[in-house]
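Dear colleague,

Here is the model I promised to pass on, with the sequence alongside it. Please open it before reading my notes.

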Amino acid sequence: MTDRPAKMKDQAVAALCKGVRVPFSPFLNDMRVKRMKEARYEGTEIAGALSIVREGDRVLEMGTGLGVVGAVIARNAKPDAVLSFEANPSLIPHIKELYALNHLTDRMEVRNQIVLTGPDQPSTVTFHLRSTYLASSLIKSDNRKTTPVDIPTVNFAKLVRDFRPDVLVIDIEGGELDFLRHADLSTIRAMVIEFHPDHYGREGAVQCKDILRAAGFQKNSDVSTRFVWTCERRDFGAVPPDPDSGWSREIVALKDAFVVPPTERKHVQTTGVLTADGTSVAHGNLWRSIRLLTVAPFRPAEKETTILPGKWLWGGTLWRYFPHFVTESITRLWALAQLDQSDFSGIIFVPKNPNVEGPPPSFQRAFLDLLGCTLDIHEARSPLIVENLVVPGQGFGLGEISQGTPEYRAVMAEKFASTVKPHGPEKLYISRSQLGPARGALLGEDRLEIALQAEGYEVFHPQQHSLEVQIARYRAAKKVIAAEGSALHLYAFVGKAETDVAVLLRRESAATGHIATHIESFTGAKPLLVNRLLRMWQRLDTPRKRLWIGEPDFAATQRDLIAGGFISDGPAWEQPAQADLQSALGAQYKLVTDTPRD
């Protein structure tokens with residue numbers, strides 16, 4: 001053992017660990033002192049804690065040991081407070097001495113209590129002291145000699161209410177499984193936790209990790225091992241964009257921000273914007289309805305990044321598929337009205353599908369040009385450190401935000417396609433018939449087209465025309481009927497309040513509601529939704545219901561359009577024979593009786 005006379009302890013320092021002076025104590029030996037001096041003592045726990053604790057945080061530490069880990073956190077990460085709990089009463093005086101020696105008593109406190117969760121909590125529990133403090137535990141798992149002591153308990157839920165911790169640091173020698181089973185972690189942003197499978201087996205360790213994952217925590221592999229996890233709830237505090245208030249209407253400017261692209265094509269992707277210290281920037285998130293589609297990444301190592309000089313605008317996720325480009329890749333361009341484009345080097349996007357390369361679709365540039373945006377598109381395919389990054393909130397999208405923020409609606413009304421004049425007929429039918437069934441179709445649409453042409457409607461296939469031609473047609477029309485689809489999102493940006501719009505549903509989907517909200521909010525006209533699906537036809541090669549094809553009730557659709565003033569009264573439209581519909585679809589489809597809901 002390494003020790004010194006009591007009269008020297010006030011001044012004597014055994015080791016310096018990341019700026020923390022560690023006083024001599026009976027619990028130090030030469031190996032521990034050496035490891036502290038080399039910053040290897042509890043090295044994984046310390047590295048993990050320093051990666052997640054932010055200035056101003058409140059840290060709850062369970063299993064303080066000698067107090068070194070908590071003190072290193074307090075000194076280096078500068079949290080507001082660190083509240084520590086240690087069950088071993090013999091360690092408490094030495095922990096307090098360490099705090100005092102490093103002038104940390106103003107923000108650090110240690111208590112000789114055990115933190116418990118769950119119902120029927122006892123006032124005390126038995127703690128088993130061993131010859132080495134590192135092996136002392138609530139669990140007596142073998143026949144080695146221990147000294148049992150009764151230690152008072154404290155309820156975790158009460159601690160959360162009173163102390164309001166942001167971060168947990170847990171090293172409680174096997175007690176973590178019982179703790180996690182009953183803990184409400186909803187207010188905790190991050191934690192460092194050590195697992196002890198020698199107490200509860202491999203299955204217990206798996207349970208611990210599953211509990212953390214189910215609570216929304218993600219392991220940071222850069223500072224974690226098999227038995228010590230540093231993890232964060234990457235969506236912590238995130239809320240969907242609100243068209244009326246909050247982050248969707250705000251712009252933040254960042255210095256040396258990280259832009260981290262996704263590594264694979266998935267529905268929910270790990271990608272986004274981080275501040276220079278690795279904090280997730282909520283303004284950079286992409287939401288679809290109430291679901292967050294971009295999970296915040298961990299900060300990449302500097303050697304993995306490229307520095308991008310200049311000033312850039314954050315664009316978000318860049319789709320190559322027009323329906324999602326026009327709803328989810330343009331959601332931040334409202335900021336252009338408030339910024340001087342000459343100050344910017346371009347717009348940074350991350351790809352939706354990082355596996356697809358090559359030139360971007362022409363409609364991306366065309367849409368930006370119509371908005372008066374002269375900035376170049378930069379698609380980040382590897383992590384960047386951006387010298388200056390301006391991040392507008394998501395002012396538009398799918399869900400409640402389909403209304404658009406006031407700023408977004410104003411930009412589209414004032415800037416978008418301002419030089420495109422109305423040109424075309426007064427009656428327009430926007431068709432999907434030439435997209436093919438794989439893109440989702442209204443079954444028998446070619447027969448609807450014939451009936452509508454007889455009523456004076458021009459059948460318009462938007463994918464065959466430039467954006468300028470599409471917009472000119474939409475602005476000229478006084479009556480628009482459309483098979484439900486993404487063309488109506490473009491229409492919503494340029495349509496007029498006096499134009500009557502009817503939408504023929506081809507499926508039961510939340511997407512229809514987004515389209516209707518978009519049209520009404522941006523044009524001021526509420527569309528007529530014609531929901532007359534009679535049957536659905538299923539593709540045999542996929543279970544995805546959104547790819548089923550809707551067969552409308554032709555006579556009922558006609559009646560709704562007559563009642564809405566879109567067509568005149570006349571002989572009832574005949575329903576196509578099922579054999580004819582099957583022949584048109586081919587053998588890869590079969591008739592089903594229910595209607596799907598996305």
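My notes start with the chain as a whole and then turn to one helix.

This is a predicted model, in which local features need pLDDT of at least 70 and side-chain atom pairs count only at pLDDT 80 or more, while totals for chains, interfaces and linings use all residues. Residues are numbered from 1 along each chain as its sequence is written, and side-chain values use heavy atoms, with hydrogens and water left out.

The protein chain contains 16 helices and 30 strands, these being DSSP runs numbered from the N terminus (helices: H or I, at least four residues; strands: E, at least two). Its radius of gyration is 31 Å, well over the 25 Å that the globule rule gives for 598 residues, so the chain is more spread out than a compact globule; the radius is taken over C-alpha atoms, and the rule is 2.2 Å times the number of residues to the power 0.38. Along the principal axes, the C-alpha atoms fill a box of roughly 105 × 55 × 40 Å. Of the 598 residues, 54% are buried, meaning under 20% relative accessible area (1.4 Å probe, protein chains only).

In helix H4 (residues 92–101), the buried residues are Ile92, His94, Ile95, Leu98, Tyr99 and Leu101. These buried residues of H4 pack against strands E1 (13–17), E2 (20–23), E3 (58–62), E4 (81–85) and E5 (108–111), as well as helix H3 (68–76), where contact means heavy atoms within 4.5 Å. After H4 comes His103, with a positive phi near 55 degrees.

Terms used
Buried < 20%, exposed > 50% of the residue type's maximum accessible area, 1.4 Å probe, protein only.
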